[in-house]
Amino acid sequence: MSRFLNHKYAGLTAYTPGEQPRDRQYIKLNTNESPYPPSPAVLSALEEADVAALRLYSDPEGTSLREKLAGLYGVESGQVFLSNGSDDILNFAFMAFGSDGAVFPSLTYSFYPVFANLHGVPYETVPLREDFSVDAAILAGQGKLTVLANPNAPTGVALSLEQVESVVAADPNHVVVVDEAYVDFGAQSAVTLLEKYDNLLVVMTFSKSRSMAGARLGFALGSRDLIQDLEKLKYATNPYNVNRLTLKLGEAAVDSNEYFRENARRIMATRSETAQRLRDLGFSMPDSQANFLFLTHPGLDGEVLYQKCKSRGILIRHFSDPAIAGYNRVTIGTETEMAAFVQEAEEILREEGL
C-alpha cells in the first residue's frame, strides 16, 4: 500500500476471486463457470469487420442487445440496463440506493459487504436458518436497501417466488435487489413481479448459464426510473462500459436461448446424480438450485478435502470463514468431470479411514 492511498480505503477488505492457477491442467470446479462452450451462433458471430470496427467506440446504449433482452423477458427496452458483468450493477446499486443503509443475509455473495464498505454504506446481516435457507420474514421490511441472492451463494438454496415477493412488498420505499446469477438452474425468477413493484431490481449475468464468464456481460431489469438511476451513474463513470464485440456476442447468445436452456437442464441432471452419489459416501448438502453443491462430511475437514483434491488436479472452492470452514463449494462440471471428482472424493475418504 502506498502513502498516497486515500485513508478511507486503507482498511478495505477486497473481494477474493476464485483461484486461477496455471501450474498444471486442472478440472476446474471452483468458480461456477459453465462446463459447456457458448452456442455455435456465438462462436461464429464475429467477422473480420467487427474486429476492424474496434477503432470505434461501442454503442453506449447497447440498443440492439437491450431490445433483444427486453423481448426475451417481456419488458420494455427502457427497463434494461447493460453492464460489464453483473458485479458492476451491484456496485452501482449500493452507491445509488444505500443512503439508508443495506441489509442482506449473513452468508451470501461476499462482494456485498465489500461494496457496502467501499461506498460507506452501513449494513446489517440476517442469519440463515439452520438449513441454510434465507428467513424472508426477518429480511423483509428492514427500511434499507435489501440485497438477496436467489438462489443464494455459496449454499445454492432458493426462496420461492412468493417469499421473494413478500420481501419486495414489505418495503416499498426502498430498493430490493434480487441477484439472479444462478436462477436458470432451477429457481423462479422475480422478473414476473416487475409490473407490480417499482422498487424491484432484478440482476442477471451471461457468466453462468450462457457460458460467457470471460465476456464480462451482465444486465438488470427494473422500472424505468431505477434503470435511469443506474444510467446516470454509468454515464458519470464509464459510458462505454460494454465493448463492441461483447455486445454482438450477447445478441447471438440471446438468439440462442434454447441452447443455453438445454445446457442448464443438463447441468441440473448432473447435479442431481452427483449429489446422490456424494450422499451415498456420507456427504451432506442443502438442496441446490444453482450450478454447484455446498457439501460437507462429518469426518472430513473441509480444508483437507480442498487440499487433497487440488493435489489430484481438481479445484474446488474452500472458504476461510469459520462458520462454513467444514464446507466446500463444488461447481457442476461435465458428467465426466463430476465422475472424476466423486471417484477422488471416495479415495480421499478411504485414505482418511472413513
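Modeller: A cavity is a set of points on a 1 Å grid over the protein atoms alone where a 1.4 Å probe fits but cannot get out, and its lining residues have an atom within 4 Å of a point. Grid points are joined across faces, edges and corners, and a volume is the space filled by probe spheres set on the points. The structure is a predicted model, in which local features need pLDDT of at least 70 and side-chain atom pairs count only at pLDDT 80 or more, while totals for chains, interfaces and linings use all residues. Residues are numbered from 1 along each chain as its sequence is written, and side-chain values use heavy atoms, with hydrogens and water left out.

Colleague: How many cavities of 30 Å³ or more are there, and what volume does the second largest cavity have?

Modeller: The count comes to 3. The second largest cavity has a volume of about 40 Å³, and its lining includes Ser-58, Asp-59, Pro-60, Lys-234 and Leu-247. The largest cavity has a volume of about 50 Å³. Tyr-73, Asp-184, Ser-209, Arg-210, Asn-257, Phe-260, Arg-261 and Ala-264 line the largest cavity, and helix 10 (residues 257-280) gives the most to that lining, with 4 residues.

Colleague: What makes residues in the lining of the largest cavity nonpolar, polar or charged?

Modeller: The class follows from the residue type: Ala, Val, Leu, Ile, Met, Phe, Trp, Tyr, Cys and Pro count as nonpolar, Asp, Glu, Lys and Arg as charged, and the others, Gly among them, as polar. For the largest cavity this gives 3 nonpolar, 2 polar and 3 charged residues. For the second largest cavity the classes are 4 nonpolar, 3 polar and 3 charged.

Colleague: What makes a site a pocket, and which residues lie nearest the centre of the largest pocket?

Modeller: A pocket is an open set of points with protein on both sides within 12 Å along at least five of seven lines. The largest pocket has a volume of about 1,200 Å³. Its lining holds 49 residues, with Tyr-15, Thr-16, Tyr-109, Ser-110 and Arg-317 nearest the centre. Elements that give two or more residues to this lining include helix 4 (86-97), helix 5 (111-118) and strand 11 (317-318). Helix 5 provides the largest share, 4 residues. By class, the lining of the largest pocket has 23 nonpolar, 17 polar and 9 charged residues.

Colleague: Why is the contact of Glu-165 with Lys-196 called a salt bridge?

Modeller: A salt bridge is a side-chain nitrogen of Lys or Arg within 4 Å of a carboxyl oxygen of Asp or Glu. The N to O distance between Glu-165 and Lys-196 is 2.6 Å, so the pair meets this rule. The pair links distant parts of the chain, with Glu-165 in helix 7 (residues 161-170) and Lys-196 in the loop between strand 6 (176-179) and strand 7 (200-205), 31 residues apart. Helices (H or I, at least four residues) and strands (E, at least two) are DSSP runs, numbered from the N terminus. By the salt-bridge rule the count for the model is 22.

Colleague: Why are Glu-165 and Lys-196 placed in their accessibility classes?

Modeller: Buried means under 20% relative accessible area, exposed over 50%, and partly exposed in between (1.4 Å probe, protein chains only). Glu-165 has 19%, so Glu-165 is buried. Lys-196 has 56%, so Lys-196 is exposed.

Colleague: What makes Glu-344 and Arg-312 a salt bridge?

Modeller: The side chains of Glu-344 and Arg-312 meet at 2.9 Å, N to O. Glu-344 lies in helix 12 (residues 335-351), and Arg-312 in the loop between helix 11 (302-311) and strand 10 (314-315). Salt bridges that share partners join Lys-308, Arg-312, Glu-344, Glu-351 and Glu-352 into one network.

Colleague: How do you know that helix 8 has the span its residue number predicts?

Modeller: The expected span is 1.5 Å times one less than the number of residues. For the 14 residues of helix 8 (residues 224-237) this comes to 20 Å, and the end C-alpha atoms are 20 Å apart, so the two agree.

Colleague: Where do the buried residues of helix 8 lie around its axis?

Modeller: Leu-226, Ile-227, Leu-230, Glu-231, Leu-233 and Lys-234 are buried. Seen down the axis, they fall within an arc of 165 degrees, so they line one face of helix 8. The arc is that of the directions from the helix axis to the C-beta atoms. The face turned away from the buried side carries the exposed residues Asp-225, Lys-232 and Ala-236.
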